[in-house]
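Please read it alongside the sequence and the coordinates shown below.

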Amino acid sequence: MRNNNETLKHIINSLIPVILAFALGAIIILFTGNNPLYAYWILLKKSLFTSKGFLDTLHYASPLILTGLAIAVTFKANVYNMGVEGQMLLGGFFAGLVGSSISVGNPFIEKFICIIVAIICGMAFAMIPAILKVKCNVNEMVVTLMLNYGVVKVLEFLTTGVFKDKSAGYVATPTINDIAMFSRFGKSRITAFFVIVIIVLIVMYFIMKKTKLGYEITAIGKNPEFAEACGMNVGKKIMVIMLLSGALSGMAGAGWMLSDQFKYTLSFSGNPGLGWDGMLVALLGGHTPIGILVASIFYAALKTGSDSINMYTSVPKEIVALIQGIMILFLAVKFLKEKK
Amino acid sequence: MALLNSILYDTVYHSAPIILCVIGGIFAYKANVLNIALEGMMLNGAFVSVLVMYFTGNIFLALSSAILTTLIWGLIFSYFGVSGSGNVIVIGLGINFIVPAIAKFTLNMMGVSNISLQNISVSDFKIHIPIIDSIDIVGSILSGHTFITYLAFIGIIIMSVIMYQTKFGIYVRVVGENEEAAISLGLKTKLYKYLAILLGALCAGLAGINLSLERMCMYTNDMTAGRGFIAIAAIYCGGGKPLESSLYAILFGISRALAVNLSINAGPMAGIFDTIPYIIMVSVLATVSYMKFKNVRVRGYTF
């Protein structure tokens, strides 16, 4: 019974910020001279209440689930890996390069290689702040934020220069081979990548709830000194957590590349990027796998809806980014006290 | 020689906004409420000053509204973080999200991609110091900057005095080091945290005005480009000491100036130079932290 109570509090604590953010957003929409209820209806109608729209929403939610998990494993341990965006971009970029240059014939092996390459890239990126944190005691948040800017610039340089597709009329890397692409199910955009994401989600649920590592993540998050004093090798665990986070982010990038984008452009991850969206998803979902699933579907619906809001009303689509920011702000505060 | 001159001039030019963020941010850092919203607050200063200037043409109104709105962000940050005891990192992230979204929203409503001011030019803001201006090389480096740029460098001294010579500075540090002790002494710990954050917001707002209105007379989206985070890295490197942290900010200024000036001659390689400042900051941060903790001999992981 007490457990149920805690879950309820958890849900309420996630719902209040959403409601407040939408209420504030409504006031802003009123100022632009539109009807907020109509705007919100437009925002959610297509993406949640039609079968094609809902499947599209699931498609857009897939990378968010992975980046959300990547954020959740680190934030839960009070390690702030802000580099998820950069790790995701790096993974996506190299998955795209491998997908366009190497052709092994078998579509399964081809995709497998692309995803593995992306995972390695994500892990390599995450390794830098992890080593610096554990060996030199550098704040991981600052390092990952800085490296994000660095990665964006490097990829921009590579895309506009070395790896630019000469035949394309705009700045992009070559399109990946057909066998590397995930094919769509029916008319909607959803692909087999969503199935892979759900498998990863189940594995992560198992890791976070049932294994020693999951327990250790929670323990480090609550009190690292105590965890260390109990004989846990906190430094080593932080490395493992960061690598796990990097792998998930890299995989998100690969999936987005192979199932949606097919080539790296400068707006590969949209605005704000998939990594940043993942942060909101993780916070909204209370760092639990099931919460992240629900939150990412909700958020993907908002994001896909933001295109139709631009079409049918005169509200700028940045309203969604604004609502997202307000949500994060309110999510920082726990409205009901949760048991630690 | 001309290249060296322009590198040194640009060093002063690029250091100023970061120094401002650093000398404001150290108080929040010392009070143990790390303010990563500096980035968003700076962008707010940059955006509001240009926006108000664009619509009213009144420079005084532009400056005061920019500073006032940035202080409001500071109040929101402290209300959620100090009074609501929320997670300051998440609050900071939220503000860093909201401010650019507001700016993009407004620009979209106006139907423009950036605001550039027509009735005022960059040279109006440049101050030429009488005597120094006439000295050959020094004049070309030190003279001809804007008011807030000079204020940033003077601010290093002012903030050192506030931090070490005033009651306020001492109390802020006590609150950060040991909050229970501060409470038992009867200090209003929340008040000092609020003031520390607001001081940071004020400086970040000034840095934003410097960035957009004073230097370029225009606002473009995301024009702060991570300077707030670089300031936080500088604060970490310098351990929150005003002078040391500012030196790291100047180091970033140098690397930025190098990147800008070298990329002019680099041709297609120019893009890669943009990464220099970030790489330098990460390496410096790593080295400094390594030196600091080299002699700490604690079993296992240190905190």
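In this predicted model, α1(B) carries a kink of about 35° at B:A16, shortly before the proline B:P17. The helix in question, α1 of chain B, covers residues 2–30, and its 29 residues reach 41 Å from the first C-alpha to the last, close to the 42 Å expected at 1.5 Å a residue. Just after α1(B), the residue B:N32 takes a positive phi of about 70°.

**Another helix of chain B**

- Helix α3 of chain B, residues 59–83, has 25 residues and spans 35 Å between its first and last C-alpha, which is close to the 36 Å expected at 1.5 Å a residue.
- After α3(B) comes B:S85, and the phi of B:S85 is positive, near 40°.

**Helix packing within chain B**

- Helix α2 (residues 38–56) and helix α10 (residues 189–216), both of chain B, pack with their axes 7 Å apart and at an angle of about 50°, which makes α2(B) oblique to α10(B).
- The crossing that α2(B) and α10(B) form is right-handed.
- On the α2(B) side the residues that meet α10(B) include B:M41, B:G45, B:A46, B:S49 and B:M53, while those of α10(B) include B:G200, B:A204, B:G205, B:G208 and B:S212.
- Sorted by class, the residues in the contact of α2(B) with α10(B) are 14 nonpolar and seven polar, with no charged residue among them.

**Helix packing within chain A**

- Helix α3 (residues 51–76) and helix α7 (residues 192–210) of chain A pack at an angle of about 30°, and their axes lie 9 Å apart; because angles under 35 degrees count as roughly parallel, α3(A) is described as roughly parallel to α7(A).
- The crossing in which α3(A) passes α7(A) is left-handed.
- The contact is built from A:L58, A:H59, A:S62, A:I65, A:L66 and A:L69 on α3(A), and from A:F193, A:F194, A:V197, A:V200, A:L201 and A:M204 on α7(A).
- In the contact of α3(A) with α7(A), ten residues are nonpolar and two are polar, and no charged residue takes part.
- The helix α7(A) also packs with helix α8 of chain A (residues 212–222), at an angle of about 65° and with the two axes 5 Å apart.
- From α7(A) this contact takes A:I207, A:M208, A:K209 and A:K210, and from α8(A) it takes A:L213, A:G214 and A:I217.
- By class, the contact of α7(A) with α8(A) comprises four nonpolar residues, one polar residue and two charged residues.

**Contact between the chains**

- Chain B gives 41 residues to the contact with chain A, and chain A gives 42 residues.
- On the side of chain B that touches chain A, the elements giving two or more residues are α4 (88–110), α11 (227–237), α13 (270–273) and α14 (276–293) of chain B.
- Of these elements, α4(B) supplies the largest share of that side, with 14 residues.
- The side of chain B that touches chain A has 28 nonpolar, eleven polar and two charged residues.

Terms used
Residues numbered from 1 in each chain as written. Chains lettered and ligands numbered in written order. Predicted model: local features only at pLDDT ≥ 70, side-chain atom pairs only at ≥ 80, totals over all residues. Contact = placed C-beta atoms within 7 Å. Helix = DSSP H or I, 4+ residues; strand = E, 2+ residues; numbered from the N terminus. Nonpolar A, V, L, I, M, F, W, Y, C, P; charged D, E, K, R; others polar. Axes fitted to C-alpha atoms, helices over the stretch in contact; angles between N-to-C directions. Parallel < 35°, antiparallel > 145°, perpendicular 65-115°, else oblique. Left-handed = near helix turned anticlockwise from the far one by under 90°. Expected span 1.5 Å × (residues − 1). Bend = angle between axes of the 7 residues up to and from the residue.
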